[in-house]
Amino acid sequence: MRITTTQWWRAVSVLAFLLILGCHSPTLTSSLEFSDATDATDAADASDGSDGADTTSEADAADGASITDGADALDVADGADQADAADGVDATITNASVDLIVDNNRNGVLDLDDPSEDAYENVWNKANGAVFLANIDDDQDTCTEGNKSDYELAECHDAADDEVNGLEDLLDMAPMRIRAWPGAPDDATATLVVEGTGANYVRIFLQEYQNNDLTYEALPQKHSISVEQIREGVNLRIEAKDIVRDADIWDGYITVRLEVRGQSESYGTDSVVLRVSPVMTYHHLLDTEVAYAVAFNFASSLAFIGDLTAALNASSVNAPLYQVGYGDQWAQDYFETGYMSMPGPKGAQHAIRVNFRSANVDNPNNPNNPLRNAGRVVFDLRGPDSAAVQQFDLTHPGQMDSLDSFGNTETIPPYSFKGIDYPLGRSYRGSVPSFYPDESFATMMESQLQQPPVYVDTSWLIVGHVDETATFFPTEQFERGWTVGLNDPQLAWEMLEEQQQAGNGSARLFVGKEWSGGANAEISINAIVNSQQLSAELESSTAEVEGQYLVIKQATGFVDDDLVHIPYLHEKQSGYSVALQPGTANGILLDSQNFAPPEPHGPTIGGADIFKVQLEEELAPHGISVRWTEDWDLYHRLLGEVHCGTNATRQIPDYKWWESGR
Amino acid sequence: MKSTNLITAIAAALCFLSSTALAEGALLKAGDLPESDRDVLASWISDAKQADPEPFRVLKRLESQMPALNAQKRGRFVPVTRSFRHYQHRALPAIVERLVFNGGEISTLSEDAKTAFLTGIVQVLGEFVDVRVEPVLHALLDAPSVSEFHLVYVVSGALGWHRTAAAERHLLSAAAEPGERQFGVLAGLGQLHTTSAVERLAVALRDETDAQRRKWLIRSVRDAGNRGFWRIARTSSDAAEEWSVRLAAMQVLVDGFITSTDDVQAAAANAIMVVDHPDTLAALLKAQYNASPALKRALVALQERFANPPLMRRRK
């Protein structure tokens, strides 16, 4: 390899630039290798003048072809193929005739005449770099569930075949183009190679005309392109066949390298770096688009669904309640909603919704269907722009399986702290070294990189979920835009003691309610505040909640005065803790003004439930109305609450993940 | 009571008493108990069945619901104890009957449903202390049928709540006996709330290296010194005992904090908050001598938490 002094300085400049940006540059080596080719093809640049006009016409032709007529499917902006001349870095080390164009400037189209489409195309950072999607939705609804096994179901999606499954499928693929080089020598051939590990995870389609129709051919990992195609230019599409599962195996970045060679020499190379979209989960600053629950035809479920529907009607949610068709009432637990996105036209995001299936292994000895059956709802929801992902490890200890339910996966809303931005928030899960969820799933979540996890200890809880003790509310009261709603057992005790001291010690909680076995659940204030066991559990549970909160506080810089205190007591069962009163932190936030927690069931003093009054007053300053929801029989009695029985797909945030620098 | 009813009741009681020696409960045989205790219990149960059958009905219904409840359970165990809290001491005869005299449907339950049910009802025996129940708990602590960790834990805890000299002797003896049950006994030992329990746990904690087991031991020490227990238990006669148990617990927990990392250290911090002994700040300051920079930071953070806790309230 021969590098001139000037090229050395430019390479050093690039390196310095990269270091300053702190950007990801898997192709640094490649970019230096280009110097060889640049030298060899310098002469060809001069004869490249006709390039622009030719490609304008052929790009137009491709763009207007039948399959994409009227759509932005190909996303190729009209214009000349002359961007390289203004290319800030690559123009100095690559040949203008050998040009692979991607949506480097992230405006959703291929701008053939915009220098920013080429500038620093071989580095990927918050400022530039193309994005593509794991095309794992099912645009033509061909993946029927039938009697397929857990494994077979997960394998069915649009990227499972070598076909472009219609226009909608095409839109899920990111455009690329080999710029036309009309003056390419007769002996020129091009190879297109996806370098490195990423090659196994992506597929590139080559667009061709056949009988006046556009066709798409899936390319092998290393593909030769004819001189005729080089002269005319080639439109390509790229998809990932999967999301990132383990960043140590594949981090989601790929380098695509184009080389044009003659019989005895290289005419030039061009490399671009792209990154597959990570999957992000939703946080509570995003309003609900669709709420989910399971309905049964018996009184307790009808009461629950009735209250939930009323809450939805009072909120901004337009879609009707989606009734999950499985007899597993814990709708929060077996799927987690999220999305992935890439730049779309006009500044929009083109998104695919993603539903994770929980890694709950209910039938470890079943070779076909080891997972919790209701998790199959992710495949029911799979369809156009809606994908399903499952990830699990059959060897994960069964006694920790509850942690794989998604009541144990929440998202801290966006914030900045100590100079670090978390514009999409952070994942919030219960996990400690001695008690943790499925590690392969956790690795997958962490490998998305956008929402670095905050882990707390939930091992003291009988269920072990983060939603048992904390939630997050939007608010305009504080600059960060949100606050923490935290279980405060001590406040609950104080409220009851206060009533006892006021002479209301005989007032009862849980009037008319039953525990399992038809047991009368009523209990007086006196019986609670005189109980050594409940008093001991009061202290233990408060300290544990406080320990969880301190982790949040340390991670976010949250201040104690901003807390929303949510009082309810805990009790002990078999050495673990669970909410004695309905856990009113464990509700569903429908939008910025409507929160649906469980009915607390007293005590009623002077005609008012003191716990209802407290929470309504606590949330009023934040503009949030409380929509009480009856959940005693179907959820509270069985160690869950409203949040555990519901789920939500929320709005995709305006913030574009690729600008995060993560 | 009409005479015919009285005769029926007496006949039933006699019939019950005569069969008790051979009866087999869910965890014990009636013959496992001294005859005098057995007779007292049998009579107590017989009377309760007549006078207050509701807890018996609840127990039976709950037991029959266990398979379904277990199938749809969330988390580790189906909750059982709460079903008896309304009845308080009235629930005890029904539970003793099931454990000692009549195993009911327990043998048909799956292992985890059985564990949930048994731990749930045994825990009630600790929540509502009655001297008549103590012999049952002593027998359970020695019973080969009580071997599952959580079950040993709740048996030890329930016996501990009785806080008698016999309970203390038996628990400390069981805690010293090597074997698979030993750890369950230690995990429940803190509910005895004595300095002797704390001292035994200090030894166990010093020798234990497994993180999960260290957490159980730390929480057992926490239980011994739990200010919530002592607040309700407090009388003028045991104020000195409260002080010494909480002091001993705090000291063991500070040692546990120093010698632990990650979630075990965090569990020790939480436990120190629960014990809330007035000498804690001084102990944390003292611990900073010769501490590594990381440990010193952790101690300072705990000191700040102790001085100004976000949730824990100070009350007398």
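**A helix and its surroundings**

Modeller: In this predicted model, helix 13 of chain A is followed by A:Gly557, whose phi is positive, near 80 degrees.

Biologist: Which residue caps the N-terminal end of helix 13 of chain A?

Modeller: Helix 13 of chain A covers residues 532-556 and reaches 36 Å from its first C-alpha to its last, close to the 36 Å expected. At its N-terminal end, a side-chain oxygen lies 3.3 Å from the backbone nitrogen of A:Gln533, and the residue that provides this cap is A:Ser531.

Biologist: Why is helix 13 of chain A described as largely enclosed by the rest of the structure?

Modeller: A residue counts as buried when its relative accessible area is under 20%. Helix 13 of chain A is largely enclosed because, of its 25 residues, the number buried is 20.

Biologist: Which element of chain A gives the most to the side that touches chain B?

Modeller: The contact between the chains takes 70 residues from chain A and 57 residues from chain B, and the count of salt bridges between them is ten. In one salt bridge, the side chain of B:Arg222 meets that of A:Glu544 at 3.7 Å, N to O. With 16 residues, the element that gives the most to the side of chain A touching chain B is helix 13.

Methods
Residues numbered from 1 in each chain as written. Chains lettered and ligands numbered in written order. Heavy atoms only, no water. Helix = DSSP H or I, 4+ residues; strand = E, 2+ residues; numbered from the N terminus. Expected span 1.5 Å × (residues − 1). Buried < 20%, exposed > 50% of the residue type's maximum accessible area, 1.4 Å probe, protein only. Polar contact = N/O pair within 3.5 Å; in protein donor to acceptor, adjacent residues only side chain to side chain. Contact = heavy atoms within 4.5 Å. Salt bridge = Lys/Arg side-chain N within 4 Å of Asp/Glu carboxyl O.
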